[in-house]
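Biologist: Could you take me through this model feature by feature, giving the general idea before the particular case?

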Amino acid sequence: MIGLLIVSHSGQAAAGIREIAMEMGGDEETIAAVGGDPDGGIGTSIDDIQAALSDLLEATDGVVVLVDLGSAVMNAETAIEMLEGDEEVVIADAPVVEGALNAAASATSPKATVESVRESAEEARDISKL
Amino acid sequence: MGDETRQREALLEAIENIADRIDNEKKHLTDLDSAIGDADHGANLNRGFKAVMEKIKDMDDDADVQEITKTVGMTLVSEVGGAAGPLYGGSTMTASTELADGITAESSVAFAEAFLEKLQDRGDARVGDKTMIDAITPAVHTYKKSIEQDDLPPLEALAKAVDAAERGVEFTVPIRASKGRASFLGWRSTGHQDPGATSTLFILEEILKTAEQYLEGDTDVDATSPTIPDEEPDELEEE
């Protein structure tokens, strides 16, 4: 099972995206959401990202991270660099909502790998709305 | 610079001076950031450096300069919350390994270069994108050249680096942002000074101010080259 981590500048946005993504598959143990700076304001916290990653890695074989923008990307990259072992964690270069939906759907496949889930998430870059 | 204790004392004083400066300038930095960003740069950095001061108070008396520098980086990474956390903090953590044998002219150049390299890698920004890169890049290059090529005393090299950073900050005013939150504004970002470049200058100014207490040399310098380079560079010696 591949886990998903949604990182947004807003904790509420991250939780909401997670809620939408869980409609496609996954559960509380395999999809996590973090957002907000260390004081709870708009921003991201590397400690929260690290804590969420280590919880997910206990329940899954690897994690695909979906990020909104700016510091969310950099803090996720730094958190991944600081992992101790050879855990498989990658960031998907994808829009966070559509990417999370695609990733959640593809992560339900028994053959899913971190790479396959990342690819599905990144296919969301081409989704056209009109 | 002298023995271990003195280096440690200088480093701790520099960190404290930086923390005080950021505290004094937090409103200024946030005002700059509210014009073209998300209005949190001053508050974020201040939260980070307040936490650094707490962390450092609790450190062992025998912690060396590398350990102290690494702790500063890790604390900024954890506490800043904005992009400045991984940028300043992550780069400081990575570059701290260059100080394993203490602070010398040589190791400080290596630190500066490692810091810049990590910053470019993490932020994926170049000179002219209207970011802290516009202040730190000329500063690091000027420092390296002043030490390695012009053989200047470290204090004078540092003063030139600060002067170069100041020019870099001025350079961010007329240009259009192409990285960071300000890039969402497009042309409307022109005419505003970049907050990240500004905080970089403040930090460098405080390092210089601290170094003046510990090092000998002239600080009344500017970064423009006082000498015209030779028309023909010295020929490389053939092995």
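Modeller: What follows goes from the contact between the chains to the annotated spans and then to single residues. This is a predicted model, in which local features need pLDDT of at least 70, side-chain atom pairs count only at pLDDT 80 or more, and totals for chains, interfaces and linings use all residues. Residues are numbered from 1 along each chain as its sequence is written, chains are lettered from A and ligands numbered from 1 in the order in which they are written, and side-chain values use heavy atoms, with hydrogens and water left out.

Biologist: How many residues of chain B are in contact with chain A, and what area is buried between the two chains?

Modeller: The size of an interface is often given as the accessible area lost when the parts come together. Here buried area is what two parts lose on being put together, taken with a 1.4 Å probe and summed over both, while contact means heavy atoms within 4.5 Å. In this model 17 residues of chain B are in contact with 17 residues of chain A, and the area buried between them is about 1,300 Å², of which carbon and sulfur atoms give 54%. R47(B), G81(B) and R122(B) supply 37% of the area that chain B buries against chain A, more than any other three residues.

Biologist: How many salt bridges and polar contacts does the rule find across the interface of chain B and chain A?

Modeller: A salt bridge is a side-chain nitrogen of Lys or Arg within 4 Å of a carboxyl oxygen of Asp or Glu, and the rule finds 5 of them across this interface. One of them joins E77(A) to R122(B), with the closest N and O atoms 3.1 Å apart. For polar contacts, a pair of N or O atoms must lie within 3.5 Å; within protein, one must be able to donate a hydrogen and the other to accept it, and residues adjacent in sequence count only if both atoms are side-chain atoms. By that rule, 7 residue pairs, both residues at pLDDT 80 or more, are in polar contact across the interface. Helices (H or I, at least four residues) and strands (E, at least two) are DSSP runs, numbered from the N terminus. On the side of chain B that touches chain A, α2 (41–57), α3 (65–79), α4 (84–95) and α5 (105–123) of chain B each supply at least two residues.

Biologist: Which residues of chain B does UniProt list for "domain: DhaL"?

Modeller: The unreviewed UniProt entry lists residues 9–209 of chain B for "domain: DhaL". That span is 70% helix and 0% strand, its end C-alpha atoms lying 14 Å apart. For "domain: PTS EIIA type-4", an unreviewed UniProt entry lists residues 1–130 of chain A, over which the chain is 45% helix and 16% strand, with end C-alpha atoms 34 Å apart.

Terms used:
UniProt positions are given in the numbering used here, feature names are shortened, and annotations may be inferred rather than shown by experiment.
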